[in-house]
Every structure is written in structure tokens, then in C-alpha cells.
Amino acid sequence: MHAASEDVNAISQIRTYRLDSAMITSSCTTRHQDWLRRAPNGCAALSKLCLAAFLFLGACESAREGVQQSTVGSKFESPEGRSPNFSEDVAPLIFRECVTCHRDGGSAPFALDSYSRVAARAQLVEEVISSGYMPPWKPVAGYGEFAGERRLSADERKLIRDWYLNGMPQGDPNLRPDPPVAANGWLMGEPDLILEMKEAFQVRPEGLDQWQCFLFPTGQTIEKHINSIEIRPSNPRAVHHAIAYVSGASERPNSDFWGEEGMCVGRIPIENSIGGWAPGLESPRLPAHFGTRLPAGTDILLDTHFLPTGRIEFERTRIGLRFTDVDQPT
């Protein structure tokens, strides 16, 4: 019964994420248009906001953050005359597409890294996969191919359904691939600069979602170029997504928290967007000759979207930066 009630909440969460993504265009063009008109470089801010929202609101879209992938092959090809079992057929799919978020300490509400855990929620797994809720991949089929695509084929969805309807056979456990392993340390390698909030931010337990703007002083006295950024929330459970900006604002607060609750964009001068975090999203690694300007004297602002979880949560984010070594990066 406990798992069943959690499954209802999980389906609600899934639908909320999809609604969030579907409403991005409306949100960018209506809810924020008034303050964007008044904002410095309002049109540029609008385009950055919409682009960043599309990239980072999707919760598990690239599903690589913090996880070393299991060697589980690519697409499933069922041998003729054999019913699918977990070890040989279902586990490779689940481990490849789901476990990067659905793991202990991951951003998803429950783990799917073993036969017992998947079988206990097989009905939910079959429903969200068959209906297209999971894995959450937003681009519509037929409009281009993308790196890291998480769309399941019709045959793969049928495989999950057939396995569930046939009684969820486990198969030979010795034939099951190992699940992905969570990576320790920074995915980008050791950062050149690590920024951290001086104190934890308290997230309210109930009510509406929270937006908060955080300041990360860089202390940089010479211009540098950011090649990679990695944002690491201390409490992913409470964070929906976060977007980082270079800020040239002249007035600095005495706290990490920039004034009243609300977004950075439209209230504070920004130079550009440099990356973001969402559950399962891997930090981009640019070629060595690419970089984003970090002018001397500028700092990093982080727009963070918090979700109420029903209890008081605390968040103390860290940001890692790696810089280019070339004099004139692209």
C-alpha cells in the first residue's frame, strides 16, 4: 500500500513536469513579458530565458548527471521465440534510460536499479512508458536527431508491456548487466574555480514553488573564458532546476541571497547565460578552443527554482568552473 500511494504521487510529479515544459512558451510570452519590457536588454533576456527554460526544465532529459553509464548495449532486439525477461531484456533498457535518475540519492522519487525494485513498481513503470510520460524526452519525433536522445521505440515500449503482462519473469540473474554507478567528485574533472554558497538556503515546505537569485562572487581580477560549468545542488530533492549567468552588476549584497524572492533575470544586469542544472542533466563539455567570457570583476548569479516537498529543506549549491587555456577562444 505504501508503494501504491507513492506511485500516485510519482505520476502526479511526472505530469507536473510535462505541464511545466508544455507551458514554457506561454510563460515566456505572457507571464514575464511585463517585467521583460522594463528589463535592460529585454529582448535578449527573453530569448535567453526561453532557451534556458527549454534546455533545463525537463527533469532527467539527458539523464547523465552524476552517473557513469552501464555497458548495456543500444536498442533491444528480441530473439525469436523467447518471451522477454528482466535480466536479459528489461534491465538493459531500464538501466540505460531510467537509473541515472531513479537511483538511491537520485532526483527521482524511487530507485529502479534492481529486479525487486522494478517488479514492485512494474505497473507504474509500464503505464508511464506506454503512455510516453517516461523517459521525458521533449522533441517530437520526425524533426531531427539529437545526441543523447532518450526516446523509446515502439518495440521497446512493447517489450516492457509484454514483460509486465507475462508475469515479470526475472530470468537468469547472472545475465543481468550491472546498473550504472554514481560518480564521485566533479564530472568535468577538477575545476579551476569552485564557488559555494556561504550558508544554506531554507526552502519552505508547502505552498507555491519558490524562485530565488543567488550571488557567487568569483574574485576574478583578470578576464577569463569559461569552458565548462558544473552546478551541484546539495539537495536535489528540493531543486527543480537552476540557470547560471555572468553578472556585471555594480551593487553587491552582504548575503548570498539577492534580496526578495524572485528571478535574477529582469531585475539584475546580466552579461550572458553560461549553463544550468536539472535532474539528470549532464554539464556540457565544450571543445578546448570554446569559451564564454568572464570579464574581470564579474560574478555568477544563479536562478534557482525550488519545489516544496512537504517538509523544510535546505540547499547549499556549489559551482565548478573550468577555463580555456587558449588566448583567443571561439
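This is a predicted model: local features need pLDDT of at least 70, side-chain atom pairs count only at pLDDT 80 or more; totals for chains, interfaces and linings use all residues.
**Exercise 1.** Work out how strands E7 and E8 pair, and over how many bridges.

*Solution.* Start with the terms: strands (E, at least two residues) and helices (H or I, at least four) are DSSP runs numbered from the N terminus. Two strands pair if DSSP finds at least two bridges between them. Strand E7 (residues 239-247) meets E8 in the antiparallel sense, over five bridges.

Residues are numbered from 1 along each chain as its sequence is written, and side-chain values use heavy atoms, leaving out hydrogens and water.

**Exercise 2.** Explain why strand E8 is largely enclosed by the rest of the structure.

*Solution.* Buried means under 20% relative accessible area, exposed over 50%, and partly exposed in between (1.4 Å probe, protein chains only). In E8 (residues 272-277), five of the six residues are buried, so the rest of the structure largely encloses this strand.

**Exercise 3.** Find the strand order of the open sheet and its edges.

*Solution.* First, read the order: E3-E12-E6-E9, four strands with antiparallel pairing. Then find the edges: strand E3 (193-196) and strand E9 (292-294) each have a single partner strand, so one side of each lacks a neighbour in the sheet. Finally, zoom in on strand E6 (residues 224-232), which three bridges join to E9. Here Ile226 has Thr292 of E9 as its bridge partner.
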